[in-house]
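Me: Hi! Could you walk me through this one?

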Amino acid sequence: MRSAICRWASMALTLQFLAGFVAAGEFEEQRSQFWHQWRGPDATGVAPAGNPPIEWDANRNVKWKAEIPGNGKSSPIVWGDRIFLTTAINTGKVVAEAAKPEDQPERQFGIKFPNTLFRFVVLCLDRQTGKVLWEQTATEELPNEGHHGDNSHASASPFTDGRFVYISFGSRGMYCYDLDGKLQWKKKLDNVSTRLSFGEASSPVAHGALVVLNRDNETNSLLLAVDTKTGETRWQAKRDEVSAWATPLIVEHGGHVQVITNASRRVSSYDLASGKILWECAGQVANVTPSPVVSGGNVICMSGYRGSAALAISLDSMGDVTGSEKVAWKFDRDTPYVPSPLLYGDKLYFNKLNNGILTCLDAKTGKPLIESTRLQGLSNVYASPVAAAGRVYFVGRDGTTLVLKHGNSVDVLATNKLDDLIDASPAIVGKQLLLRGQSHLYCLEAD
């Protein structure tokens, strides 16, 4: 009897494993069709199956426009016909023991800490109509610090593996929902303080059975890996880092899975299974925000605040490779501050600081193909560029989008304008381009 029970238990575990394997296989087959994470299917900014419109304005090629309550800088992600988005809504409910903004000390950039409760909300919208399919309040709390005027309390983009949606609200915790909005688990995180109270922003990324979140800050920097099914901590790696906002990159290479973090003191690679450091490399500048991209056997990391740095580092590295032959190339001019680079084929596009000045490098060699070229009509930029169908899309904060032909020269195909402030990075799915403005989400699609 016991033997039969053991056989049935073993068979059940095997079937459970195979079901997970099939789901993972289906995810790999489908993910190139959607935009399941910050920076798209391959975390490069490219939609391999995308073909969005070239031209639009407020009255042309707008499939729908949906009002989004509250304030958020997170980018939309898409799986199937569902769009997932986060926002933070000020309830106006005053917390008696919290200092009133007018009674607080003067801080740089005029940053004030809230004294009211915020609702931290996850939204799911229908991709064809823009209608809200479900809305869940993850938590209602008083934020522990303020944020830069151009940031928000909801700046981390969601991640989905096609079965569940993983959310980070930073110090307000991590949350997991199924695609129908049912809460699977929630995880409380410690409060942290960011540089000058700029706020948190790094997005979660998942691979296999782990969700990874980087929390570089001024008080307790660490890389955290939790179980996708339960939210339980599997490992955490203490980091000797200051505030940074770059989202980690998970890479399979040479039979190993690495988690690569871009930060001010070191670019570091961790073994996903154990959390142990595999390699590290100094050379970035301050306030690191751009996320890494992988080109061939190298990972490219860059930063642009108070200096310029771009490094291509071999994924085969071990130990401290600063200044070694494992650094395939360096570039020290006109790198971005906030936006992440776009890797399209063997071309690496990025803008100078937060400006409309374009550089394009050969990703293999680091040699300039387009160097420090002004993009007419584009000034201040926070959104990261995206690409599809031989076109590159640069979005300005004033709602202007330049569409360029993918290539070795600046060939502007169209200049488009929406009357909205756009800081969030776009998402491309099929024939649609999703743009999140200050108060609306736009779905652009050619007739």
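Me: Which residue is the bridge partner of Val 122 in β5?
Reply: Gln 136 is the bridge partner of Val 122 in β5. Before we go on, this is a predicted model, where local features need pLDDT of at least 70, side-chain atom pairs count only at pLDDT 80 or more, and totals for chains, interfaces and linings use all residues. Residues are numbered from 1 along each chain as its sequence is written, and side-chain values use heavy atoms, leaving out hydrogens and water.

Me: Nice. How many bridges join β4 to β5?
Reply: 8 bridges join β4 (residues 116-126) to β5 (residues 132-141), and the strands run antiparallel. Strands pair if DSSP finds at least two bridges between them.

Me: And what do β4 and β5 form?
Reply: They form a hairpin with 5 residues between them, and Gly 130 in the turn has a positive phi of about 80°.

Me: Zooming out, how many helices and strands are there in the protein?
Reply: The protein has 1 helix and 33 strands. These are DSSP runs, with helices (H or I) of at least four residues and strands (E) of at least two, numbered from the N terminus.

Me: What about burial?
Reply: 57% of the 447 residues count as buried, meaning under 20% relative accessible area with a 1.4 Å probe, protein chains only.

Methods. Buried means under 20% relative accessible area, exposed over 50%, partly exposed in between (1.4 Å probe, protein chains only).
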